[in-house]
Amino acid sequence: MHNFTPFASFFGGVLIGLSASAMLLLDGKIAGISGILAGVLKPVKGDWVWRACFLAGLFAGGLLLGKLLPGAFDFGLIRPLPLLAIAGLAVGFGTRLGSGCTSGHGVCGVSRLSPRSLVATATFIFTGALTVYLLNHLAGGSL
Amino acid sequence: MKSLVTSFISGVVFALGLGISGMTRPVKVIGFLDFFGAWDASLAFVIVGAIAVYFVAYRFSRTMPSPLLAPDFSLPKRSDIDAKLVLGAAVFGVGWGLSGFCPGPALTSLASGAPAVAIFVAAMALGMYIYSWVSEIRAATRTFAAAPSESMQDA
């Protein structure tokens, strides 16, 4: 196991938890990124400005990371562009069909012990691991 | 107005958390998903850290009549496990494993200016639009088909 970063990862996780907690306790909202994005792409009157503000914050946070912690964008592994495009389609379509992603289901839903989120999280970790296994071990990790 | 500022700040903190934790690096994400190879357990600590905080916040929120800056909580109420949920999560997982990006880290990484991330995000947005187009078409055909026969309820 190389590049093991338990402390940084735990601390980052705590920040994610604090952010999601603030959204819940202050605004009563679930910090599910795919849902927030979907609500900006297909805006509903009266329910999109806070979403745009959150996404603007994400982007601003990204700019800050670029200045303070450029290693955060040391991607290390970028798949070929056609594969990335297919992956993006799957992530966009799948998160809408399944009503959430790593944040909404994986963090917020699992913490709430929501049965739907527990099932969804187990499912996407399983298919994610299966995909990585097939790519690495059968395609020889050549991609 | 206040809640828009808190949404923005929450977004900033969320992005910093993603960056510090390693979630914005596909090599870490794919390493975490590589259970049968050189498994990198780091991201399990992200989940533990985030859930530890949110679990407490959620319990606390149950004691509040309303959120501090909004009239009420808007939380998902469904608890049924349906095929859409499982299939959607499965498709999402495939995309996550292929790329090492999920929505939050991808949007945060847009700020890096990397064209590969922009392509991923554009495809992700398109995937979301395709979902809503498909749902609209299905809803339209269902209304049409349901007219002559009541038995054409949800497949």
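**Notes on the two-chain helical model**

1. A:Val91 sits in helix H4 of chain A, residues 81-97. (Helices here are DSSP runs of H or I with at least four residues, strands are runs of E with at least two, and both are numbered from the N terminus.) A:Val91 is buried, with 32 other C-beta atoms within 10 Å. The cut-offs: 20 or more other C-beta atoms within 10 Å of a residue's own make it buried, 12 or fewer exposed, anything in between partly exposed, with C-beta atoms placed from the backbone. Setting aside neighbours within four places in sequence, A:Val91 has contacts to B:Phe92, B:Gly95, B:Trp96, B:Cys102, B:Pro103, B:Met124 and B:Gly127. A contact means that the C-beta atoms of two residues, placed from the backbone, lie within 7 Å.

2. Some housekeeping before going on. This is a predicted model, where local features need pLDDT of at least 70 and side-chain atom pairs count only at pLDDT 80 or more, while totals for chains, interfaces and linings use all residues. Residues are numbered from 1 along each chain as its sequence is written, and chains are lettered from A and ligands numbered from 1 in the order in which they are written.

3. Of the 155 residues of chain B, 46% are buried. Take the contacts in chain B with a separation of 6 or more, and 39% of them join residues 24 or more positions apart.

4. Now the interface: 105 residues of chain B touch 105 residues of chain A. On the chain B side, the elements giving two or more residues are H1 (2-21), H2 (26-33), H3, H4 (83-99), H5 and H6 (115-146). H1(B) gives the most, with 18 residues. By class, that side of chain B has 70 nonpolar, 29 polar and six charged residues. (Nonpolar covers Ala, Val, Leu, Ile, Met, Phe, Trp, Tyr, Cys and Pro; charged covers Asp, Glu, Lys and Arg; the others, Gly among them, are polar.)

5. The axes of H1(A), residues 6-27, and H3(B), residues 42-61, come within 7 Å and cross at roughly 30°. Axes are lines fitted to C-alpha atoms, for helices over the stretch in contact, and angles run from 0 to 180 degrees between N-to-C directions. H1(A) and H3(B) are therefore roughly parallel to each other; angles under 35 degrees get that label, over 145 is roughly antiparallel, 65 to 115 roughly perpendicular and the rest oblique. The crossing is right-handed, meaning that the near helix is turned clockwise from the far one by less than a right angle, with anticlockwise giving left-handed. The contact of H1(A) with H3(B) has 21 nonpolar, eight polar and no charged residues. A:Pro6 belongs to H1(A) and touches B:Ser42 and B:Phe45, residues up to four places away in sequence not being counted. A:Pro6 is partly exposed, with 15 other C-beta atoms within 10 Å.

6. H5(A) is the enclosed one: ten of its ten residues (102-111) are buried, so this helix is largely enclosed by the rest of the structure. Its cover includes H1, H2 (33-41) and H6 (115-138) of chain A, together with H3 and H5 (103-109) of chain B. H5(A) and H6(A) pack at about 145° with their axes 8 Å apart, in a left-handed crossing. A:His105, A:Gly106, A:Gly109 and A:Val110 of H5(A) meet A:Arg116, A:Ser117, A:Leu118, A:Ala120 and A:Thr121 of H6(A). That contact divides into three nonpolar, five polar and one charged.

7. Which backbone angles deserve a check? Most residues other than glycine have a negative phi. A:Ser99 has a positive phi near 60°; this residue is in the loop between H4 and H5 of chain A and is buried, with 23 C-beta neighbours inside 10 Å. A:Leu113 has a positive phi of about 55° although it is not a glycine. A:Leu113 lies in the loop between H5 and H6 of chain A and is exposed, with 10 C-beta neighbours inside 10 Å.
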